[in-house]
Amino acid sequence: MSAERERVMIETKSAARWYGQIIAVSDVTLTLGPGITGLLGPNGAGKSTLMKMMVGQLRPSKGEVRILGEPIWKNRAVLRHVGYCPEHEGTYEDLTALELVTALNRLHGIDPGEAEKRAKEMLAKLDLADAMNRRLGEYSKGMRQRAKLAQAMAHDPDVLFLDEPLTGCDPLARVKVLEVVKELGRRGACVVVSSHVLYEIEALTSEIVLIYKGTVLAEGDVYAVRSLIDKHPHKIRVDCDRPRDLAKALVVEDHVSGLDFEEGAVVLETRDPDRLYPAIPRAAKAAGLRVKAMTSPDNNLASVFKYLTEAREKPGAGGAKSTENAK
Amino acid sequence: MSAQSAVSMGAAAGIYRELAWTRMKRGRLLWVCASLLALPVVGTALLVIFGHWGRTLFDEVAEIYFRFLLPFVPALLASPIVSEELDQKTFTFVFARPAPRSALVLGKLAAVVGPTLGMAVTSVALTWALAMIRFPQDYAETAGHLVRAEIATVVGVFAYAGIATLFGSWFVRHPFVAVLGYLLLVEAGLGSAPIVLNLLAMSWHLRNLAQLALPTGSLTLDVPALVSAAVPLVLGSVGIGLACMSVADAEYHGKD
């Protein structure tokens, strides 16, 4: 880690959160500095709960969470430096994206003129310039996701939390979102991105925190974990207008090991996602198809996490070394 | 990077009020409420055409107005103030800002109370004007009565909006159903009962304040107008205070 990276911007000390008998996050101790960190884990792992504690929207049942050296729960002063894009789809559907982002900027104490200027700039960066005066209720899922990202980033936060930011984005929007998030990371902000898809995280950063069943399994470099995941078949669901034509175009690729059809989508299986991800938009373009969304079901990642957990529980098992490498 | 100043309660409430007003203008609820509040005016106009008039007509219409319409309209508009934010999780956007959380309640309440007051006060004034139209000398004679009815309207809008906001923070999924239950049981039920328990109903106090006829009997009490103004104001304020407290402690639960 560089000296800059070692500057602590987020710190959790034995942070835990439980609901009755259910432990959502257990004893998480982490320190994160500037740059992008990926919070990786299957659905239900505790990523969002941890993130909600980090952003001050959930009180830790035990331990503490500090942002920029200050406790975050009920601390408005710290929230001045924070941006948050939640994972849920709810928005103010009867407002335009520009109205929403401008108003939320104003709630950061930015004066109205400047708030609108920054809102316009951020929406334009996320390719919503032409749609910023349309109501959010008329937006597609991907556009809504970009509007949510715009509200999180438009006030130029020092610490940014993005919960599953690429959900519902089409391939072009994914590229745009990744660009903007990377730029913020390069400028010294501390960006925490959660995802259940390693390849989304990998496109942003090599620094990851692996979380499973509420505990941190490992933190550090992505590549050690990556090789483990590659041993397991990876599934990609592609929603498009003619899934059978897309399947026909991709089945000839040697890295596609299986496929299945769902309503309006094809689910491709591969052991080489690095080759398959760029091959999909290429094949779609060649066949004249419109890809609406690419998603990765988390069952492949869950199997890897199960493997890592078992390895940790049985130190003699084969996975232990890999887990240690990841630390 | 970030160089924003802290946001005061007043400034934040102003921003929330603007947002809520923009959304209300675009929604249907405001126009539904405007139509409901036009009903007494239309009803009075028809009754005047069919030969009714004077203070008696005004009091009959006002009785229905204070028992049913006045509680219903603020409840319709104010019950979603907190509940919609919690139900649709939109509070996650606004509570990630350095603004006081209570400003959300106060700002949205201001957006609801302002136009509702305008519509309700106008409705009462037009109803009165129409009821007295046949004998213009009645205007001067009953002006004091109108003022009392308008004061009761202002107090009522505030109080019912406050109570509805509180119910909305307790019953997130079906806030209006919960408020409706309260209105039927307490306001309509107890408010009409010829027993001392009617003092628990704000509708009884508002009718007392507006100098309307109230159920009387050996089990009822005479209450000064000032007390009848204070009770709904206190209840409404308590409702708003409790709603602000529930929002201040609101947490974002949900699946991972």
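1. The side chains of Asp158(A) and His81(A) are joined by a polar contact of 2.8 Å; a polar contact is a pair of N or O atoms within 3.5 Å, where within protein one must be able to donate a hydrogen and the other to accept it, and residues adjacent in sequence count only if both atoms are side-chain atoms. Asp158(A) sits in the loop between H6 and strand E7 (159–163) of chain A. Helices (H or I, at least four residues) and strands (E, at least two) are DSSP runs, numbered from the N terminus.

2. The model is predicted: local features need pLDDT of at least 70, side-chain atom pairs count only at pLDDT 80 or more, and totals for chains, interfaces and linings use all residues. Residues are numbered from 1 along each chain as its sequence is written, chains are lettered from A and ligands numbered from 1 in the order in which they are written, and side-chain values use heavy atoms, with hydrogens and water left out.

3. Asp158(A) is buried and has no salt bridge; Arg7(A), the nearest side chain of opposite charge, is 7.2 Å away. Buried means under 20% relative accessible area, exposed over 50%, and partly exposed in between (1.4 Å probe, protein chains only). A salt bridge is a side-chain nitrogen of Lys or Arg within 4 Å of a carboxyl oxygen of Asp or Glu. For charge, Lys and Arg count as positive and Asp and Glu as negative, while His and the chain ends are not counted.

4. Asp138(B), in helix H7 (residues 137–170) of chain B, is likewise described as buried without a salt bridge, and its nearest side chain of opposite charge, Arg134(B), is 10.0 Å away. Leaving aside residues up to four places away in sequence, Asp138(B) touches Gly54(B) and Met132(B); contact means heavy atoms within 4.5 Å.

5. Chain A as a whole has 13 helices and 14 strands. Of its 327 residues, 57% are buried. Among contacts in chain A with a separation of 6 or more, 69% are between residues 24 or more positions apart.

6. Leu126(A) belongs to the loop between helix H5 (112–125) and helix H6 (141–153) of chain A. Leu126(A) is buried, because its relative accessible area is 0%. Beyond residues up to four places away in sequence, its contacts include Arg146(A), Leu149(A), Ala150(A) and Met153(A).

7. In chain B, Val41(B) is part of helix H2 (residues 29–49). With a relative accessible area of 16%, Val41(B) counts as buried. Not counting residues up to four places away in sequence, Val41(B) touches Ser123(B), Leu126(B), Thr127(B) and Leu130(B).

8. Helix H4 (residues 80–87) of chain B has several buried residues, including Ile81(B), Val82(B) and Ser83(B). Just after H4(B), Lys89(B) takes a positive phi of about 60°.

9. Trp170(B), Phe171(B), Val234(B), Val238(B), Leu242(B) and Met245(B) form a nonpolar surface patch with about 590 Å² of accessible area together. Patches are made of residues with over 30% relative accessible area and no salt bridge, with like charges joined within 9 Å and nonpolar side chains (Val, Leu, Ile, Met, Phe, Trp, Tyr) within 5 Å; accessible areas come from the Shrake-Rupley method with a 1.4 Å probe, and for residues only the protein chains shown count as cover. Helix H10 (residues 225–248) of chain B gives the largest share of the patch, 4 residues. Val234(B), in helix H10, is partly exposed because its relative accessible area is 48%.
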